[in-house]
Amino acid sequence: MTQDSSSTANAVQVADLSVDLGGRLVLRGVDLQIHQGEVVAVLGTNGSGKSTLIKTIVGLLPAARGEVKLFGTPVPRFRQWQRIGYVPQRITAAGGVPATVQEVVSSGLLSKRRLFRPLKAADRAAVEEALEIVDMADRRKDGVAELSGGQQQRVLIARALVSDPDLLILDEPTAGVDLASQGIFAEAIRERVARGTTVVMVSHDLGPMDALIDRSVVLRRGRIVYDGLPHASQTHAHVHPHGSADDEAGWLS
Amino acid sequence: MTMFELEFMQRALIAGLLTGLSAPAIGTYLVQRRLSLMGDGIGHIAITGVALGLLTGTAPVLTAVLVAIAGATAIELVRARGKASGDVALALLFYGGIAGGVLLIGLAGQGAATLNTYLFGSLTTVSPSDLYVVVGLAVTVLVVAIGLGPQLFAVCQDEEFARVTGLRVQLLNLLIAVMAAVTVTVAMRTVGLLLVSALMVVPVATAQQFTRSFRTTFMTACAIGVTACLAGIITSYNANVAPGATIVVLALGGFVVAAIAGTLVRRRRGVLAPLADEEPEIGVPEPAPHVVSTTHQHAHDKKCGHPAVEHGDHVDYVHDGHLHAAHGDHWDEH
């Protein structure tokens with residue numbers, strides 16, 4: 001890690017976190033510090049608790065014990081939500097009523113918008129830029145329901161990027177996404193990482209994003225069983241090339 | 001004297017106009033949240049509210065709006081706490097509302113005729129004081145539905161994401177429920193409590209046949225709602241039938257026409273512009289090289305004596321140390 005952890009607050013600080021879902025302990029005593037600028041992959045099998053960890057970090061699930069701090073503030077009191085870009089695990093970006101790509105991405109700006117105010121020109125430009133990053137600018141007027149699964153995921157990424165977040169949290173962004181879209185993701189994430197954004201992503205299969213990761217955390221049955229360089233771990237069938245973290249260090253410096 | 005000079009018709013038309021605007025406006029959010037039947041549940045609860053008003057001698061509009069808000073809040077809390085799923089919560093209130101209403105109306109000594117005017121609407125029941133309440137409530141609903149549009153859209157589109165942007169999701173959900181309750185009461189006089197939900201859902205479903213964006217769906221649904229309401233009220237006057245039924249039948253007729261036209265338009269578009277090429281396929285393995293067995297003169301079948309081997313979707317035959325598979329009129333080496 002090239003970041004000096006003493007000079008900056010941790011982007012994410014998880015201390016002795018236990019989470020209870022319907023009477024079942026899904027996370028047990030998890031400790032995790034993520035420094036600003038780090039790119040962390042959270043790995044593990046189904047039911048290992050990785051999605052629960054992510055949802056607790058963004059405040060969607062309450063902690064039964066322990067606490068989560070975002071940029072030094074405990075989550076229940078955290079108010080700077082525009083610093084967080086969240087990509088939930090979704091099969092589709094569509095709701096019960098048609099909505100265009102532009103409309104869905106605009107909802108990513110709500111943490112900055114005041115009530116009863118129209119969209120400003122700067123907001124429109126931000127939406128446009130986010131759509132450019134995921135290569136969807138030409139589909140801005142199309143309904144999200146008409147897009148392919150990979151394109152819908154790209155819309156969700158753009159929605160998270162539009163507020164220019166300092167911390168990007170992605171829950172299974174590549175699940176069921178074609179390789180072309182995964183490549184575009186990886187490029188979008190790479191660009192954010194170059195700007196110093198902290199990235200935390202949950203994934204079964206990192207695909208083209210593999211090269212960006214400089215740390216992996218492996219969960220099993222609600223506990224962290226590995227935390228360190230992204231070398232081959234039990235959940236991976238393949239072996240990462242050694243030294244990939246060093247190759248990518250340039251993005252952080 | 002034409003019907004437009006009759007005072008009760010003027011009031012009915014104003015109430016109809018506002019109902020036609022506010023019901024689809026809030027209905028769009030309900031449909032987006034996939035809670036289309038919420039208006040129906042609230043309508044049933046409001047029957048108890050009306051009965052309570054008749055029993056105690058207070059204005060039924062007032063008691064209906066209070067009971068409807070209480071019921072809508074209950075639905076939302078039960079749903080949010082996850083104690084019962086949204087549809088079960090709705091079902092419980094459906095039955096409780098209608099049973100309580102009929103019971104209380106019986107106690108109040110009112111007959112089925114009075115109840116009918118609230119269940120299916122009635123042109124003559126909109127009193128001047130009712131009209132003020134209806135106008136006030138409808139304008140409030142419209143201001144909230146349009147003014148808080150971006151926030152309500154985000155909450156209905158993706159609740160979890162909305163929470164992570166820092167929106168007060170529970171409060172906004174409650175606001176939608178309360179607005180739905182208010183709309184039900186607004187619509188009670190023209191469409192009636194049993195059919196109000198149709199006016200929330202049918203115009204939205206009709207608009208969706210042609211629209212791509214949320215904003216145009218919202219506006220088209222409101223336009224359809226107003227048209228159906230005004231046309232329904234005028235028809236109802238001329239044919240002397242309940243306005244609620246007329247409005248809903250007209251709205252449904254519009255939906256059927258739109259659904260057929262929409263299907264035809266989409267099919268035509270599909271024929272003229274076939275699906276654009278999806279992303280190029282990367283990582284799909286090349287098909288194995290196609291090697292034709294040149295010298296093969298022998299046709300394999302089940303009885304040829306060569307061992308048969310299942311190979312994916314076909315059968316290979318072992319022949320002199322090679323695998324042969326049928327391919328059109330020749331045999332491939334596998």
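1. How many bridges pair strand β9 of chain A with β10(A), and in which sense? Strand β9 (residues 215–220) and β10(A) pair over 5 bridges in the antiparallel sense. Two strands count as paired if DSSP finds at least two bridges between them. One such bridge links V218(A) to Y226(A) in β10(A).

2. On provenance, this is a predicted model, in which local features need pLDDT of at least 70 and side-chain atom pairs count only at pLDDT 80 or more, while totals for chains, interfaces and linings use all residues. Residues are numbered from 1 along each chain as its sequence is written, and chains are lettered from A and ligands numbered from 1 in the order in which they are written.

3. Chain A has 6 helices and 10 strands. Helices (H or I, at least four residues) and strands (E, at least two) are DSSP runs, numbered from the N terminus. Of the 253 residues in chain A, 48% are buried. Buried means that 20 or more other C-beta atoms lie within 10 Å of the residue's own, exposed means 12 or fewer, and partly exposed is in between, with C-beta atoms placed from the backbone. Among contacts in chain A between residues at least 6 apart in sequence, those joining residues at least 24 apart make up 72%. A contact requires C-beta atoms, placed from the backbone, to lie within 7 Å.

4. Strands β9(A) and β10(A) belong to an open sheet of 6 strands with mixed pairing, ordered β6-β7-β8-β3-β9-β10. Its edge strands, each pairing on one side only, are β6 (84–87) and β10 (223–228) of chain A. On average, neighbouring strands of this sheet are turned by 15° against each other, direction ignored. Helix α4 (residues 149–161) of chain A lies across β6 and β7 (167–171), at about 165° to β6(A). Axes are lines fitted to C-alpha atoms, for helices over the stretch in contact, and angles run from 0 to 180 degrees between N-to-C directions.

5. Chain A also holds an open antiparallel sheet of 4 strands in the order β2-β1-β4-β5. Here the edges are β2 (24–34) and β5 (73–74) of chain A, each pairing on one side only. Strand β1 (residues 12–21) of chain A pairs with β2(A) in the antiparallel sense over 7 bridges. These two strands form a hairpin with 2 residues between them, and G22(A) in the turn has a positive phi of about 55°. D20(A) has L25(A) in β2(A) as its bridge partner, and L17(A) stands opposite V30(A) in β2(A). Helix α1 (residues 50–57) of chain A lies across β1, β2 and β4 (65–70) of chain A, running at about 115° to β1(A).

6. D142(A) sits in the loop between α3 (121–133) and α4 of chain A. D142(A) counts as partly exposed because it has 18 C-beta neighbours inside 10 Å. Leaving aside neighbours within four places in sequence, its contacts are T100(A), V101(A), L147(A) and, in the other chain, R212(B).

7. Chain B contains 12 helices and 4 strands, and 45% of its 334 residues count as buried. The axes of helix α7 (residues 149–157) and helix α9 (residues 169–188) of chain B come within 10 Å and cross at roughly 100°. That angle makes α7(B) roughly perpendicular to α9(B); angles of 65 to 115 degrees are classed this way, those under 35 as roughly parallel, those over 145 as roughly antiparallel and the rest as oblique. Q151(B), L152(B) and V155(B) in α7(B) meet V169(B), L172(B), N173(B) and I176(B) in α9(B). This contact has 5 nonpolar, 2 polar and no charged residues. Ala, Val, Leu, Ile, Met, Phe, Trp, Tyr, Cys and Pro count as nonpolar, Asp, Glu, Lys and Arg as charged, and the others, Gly among them, as polar.

8. The contact between the chains takes 33 residues from chain B and 30 residues from chain A. On the chain B side, α7(B) gives the largest share, 6 residues. By class, that side has 13 nonpolar, 12 polar and 8 charged residues.

9. The largest nonpolar core has 163 residues, and V42(A), A158(A) and A46(B) are among those that touch the most other members. Such a core is a set of buried Ala, Val, Leu, Ile, Met, Phe, Trp, Tyr and Cys residues joined through C-beta atoms within 7 Å. Beyond four places in sequence, the contacts of V42(A) include L53(A), I54(A), V202(A) and L219(A).

Key
Contact = placed C-beta atoms within 7 Å.
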